[in-house]
Amino acid sequence: MGYFHLMFPEVKEKGMAAIPRLVALTSEHSHFSVKKGAAALGIGTDSVILIRCDERGKMIPSDLERRIIEAKQKGFVPFLVSATAGTTVYGAFDPLLAIADICKKYKIWMHVDAAWGGGLLMSRKHKWKLNGVERANSVTWNPHKMMGVPLQCSALLVREEGLMQSCNQMHASYLFQQDKHYDLSYDTGDKALQCGRHVDVFKLWLMWRAKGTTGFEAQIDKCLELAEYLYNKIKNREGYEMVFDGKPQHTNVCFWYVPPSLRSMEDNEERMNRLIKVAPVIKARMMEYGTTMVSYQPLGDKVNFFRMVISNPAATHQDIDFLIEEIERLGQDL
């Protein structure tokens with residue numbers, strides 16, 4: 001919304017009909033909120049161009065540049081690239097430095113959706129995964145995810161000073177008088193789409209005061225270590241198959257559990273049709289027994305697989321061991 005205003009100031013008064021056909025670009029593994037935002041803005045979901053990802057779920061920069069050129073040749077105006085730092089399913093981090101170079105070359109707003117992965121900036125060991133985020137025009141970050149702040153706590157960071165004010169302010173004289181006796185910068189209601197809202201940042205501030213940066217770092221490092229422990233335990237374990245090769249970048253560990261009845265089957269359509277049903281049945285049994293709960297989903301041509309996400313620093317190696325054994329117990333007869 002802010003970049004609309006920066007590129008086409010008249011859109012605020014005259015609406016979308018006064019400006020060219022805009023398109024946004026994001027990875028095929030990006031969060032559904034990008035398309036939701038396009039629908040809300042009025043450019044439509046068809047104006048969101050999905051960029052191909054590599055086998056680890058990272059946006060491919062060469063495909064991004066190709067699609068930008070293609071869109072411009074059709075007379076469209078590419079106005080936004082939304083890169084992802086920590087995708088929902090794979091926990092992948094897009095190559096932000098390469099994307100920043102492309103955005104600079106074509107004068108496109110670079111947004112980074114770091115809702116899930118932004119917390120890694122607290123970790124000296126893992127913050128390199130967000131190299132290039134400092135070149136973004138805007139960043140979203142949800143401390144209520146990786147950092148465990150109570151829902152809701154979301155941040156939107158915008159480089160351009162005053163942009164949110166000029167984009168959203170409506171000069172409502174009955175609310176935002178200009179002759180108050182205190183600093184007017186505290187009138188945040190005229191800088192956002194919402195007028196009244198909770199002070200989300202207060203929860204983060206309190207927690208940060210209590211834990212400190214090193215406290216947050218310790219809990220984030222622990223969650224990533226637990227994810228690596230799970231990956232190392234199952235990558236060569238009978239009955240488990242990894243969805244992609246290599247150590248996960250975040251705490252998302254994606255895998256299939258293959259019950260004994262399918263292990264000797266040839267990898268064909270029949271096996272795939274049976275494997276689709278395995279994770280949903282195990283998940284249902286997990287919930288019936290009340291012992292564990294792990295999400296599952298398909299992605300592209302990959303049928304239902306488990307996506308274990310660790311964000312609770314109270315978890316232990318024993319909990320991970322239990323999870324592995326419980327999946328085997330609940331799925332061995334399928």
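Among contacts in the protein chain between residues at least 6 apart in sequence, 65% join residues at least 24 apart. The model is a predicted one, and its chain comprises 11 helices and 10 strands. Of the 334 residues, 46% count as buried. The C-alpha trace spans about 70 × 50 × 35 Å along its principal axes.

Helix H10 covers residues 278-289. Its 12 residues reach 17 Å from the first C-alpha to the last, close to the 16 Å expected at 1.5 Å a residue. Buried positions in H10 are Val 278, Ala 279, Ile 282, Lys 283 and Met 286. Viewed down the helix axis, the buried residues of H10 fall within an arc of 125°, so they line one face of the helix. The elements that cover these residues include strands E8 (252-257), E9 (295-299) and E10 (302-309), together with helices H8 (260-263), H9 (269-275) and H11 (317-331). Just after H10, Gly 290 adopts a positive phi of about 75°.

Helix H11 has 15 residues and reaches 21 Å between its first and last C-alpha atoms, close to the 21 Å expected at 1.5 Å a residue. Its buried residues are Ile 320, Leu 323, Ile 324, Glu 326, Ile 327, Glu 328, Leu 330 and Gly 331. The cover over the buried residues of H11 includes helices H7, H8 and H10, and strands E7 (240-242), E8 and E10. Within H11, Leu 323 has a relative accessibility of 5% and therefore counts as buried. Leaving aside neighbours within four places in sequence, Leu 323 is in contact with Met 286, Thr 292, Val 294 and Met 308. The C-alpha atoms of Leu 323 and Thr 291 are separated by 8.8 Å, although the two residues are 32 apart along the chain.

Helix H7 (residues 200-234) also packs against H11, at an angle of about 35° and with the axes 10 Å apart. The crossing of H7 and H11 is right-handed. On the H7 side the contact is made by Glu 225, Leu 226, Tyr 229, Leu 230, Lys 233 and Ile 234, and on the H11 side by His 317, Ile 320, Asp 321 and Ile 324. Among the H11 residues in this contact, Ile 320 and Ile 324 are buried. Asn 232 also lies in H7. At 39% relative accessibility, Asn 232 counts as partly exposed. Asn 232 and Lys 247 are 15 residues apart in sequence, with 8.3 Å between their C-alpha atoms.

A further helix pair is formed by H4 (residues 61-73) and H5 (residues 96-106), whose axes come within 9 Å and cross at roughly 20°. H4 and H5 are therefore roughly parallel to each other. Their crossing is right-handed. H4 contributes Pro 61, Leu 64, Glu 65, Ile 68, Ile 69 and Lys 72 to the contact, while H5 contributes Ala 98, Ile 99, Ile 102, Lys 105 and Tyr 106.

The loops on either side of H5 were examined next. Thr 87 is located in the loop between strand E3 (77-84) and H5. With a relative accessibility of 1%, Thr 87 counts as buried. Apart from neighbours within four places in sequence, the residues in contact with Thr 87 are His 29, Gly 57, Ala 92, Trp 116 and Asn 252. Lys 107 is found in the loop between H5 and strand E4 (109-113). At 69% relative accessibility, Lys 107 counts as exposed.

Most residues other than glycine have a negative phi, and most peptide bonds are trans. Lys 107 has a positive phi of about 55° although it is not a glycine. A cis peptide bond, with omega of about -5°, joins Leu 151 and Gln 152. Gln 152 lies in the loop between strand E5 (138-141) and strand E6 (155-158).

Conventions
Residues numbered from 1 in each chain as written. Predicted model: local features only at pLDDT ≥ 70, side-chain atom pairs only at ≥ 80, totals over all residues. Heavy atoms only, no water. Helix = DSSP H or I, 4+ residues; strand = E, 2+ residues; numbered from the N terminus. Expected span 1.5 Å × (residues − 1). Buried < 20%, exposed > 50% of the residue type's maximum accessible area, 1.4 Å probe, protein only. Arc of directions from axis to C-beta. Contact = heavy atoms within 4.5 Å. Axes fitted to C-alpha atoms, helices over the stretch in contact; angles between N-to-C directions. Parallel < 35°, antiparallel > 145°, perpendicular 65-115°, else oblique. Left-handed = near helix turned anticlockwise from the far one by under 90°.
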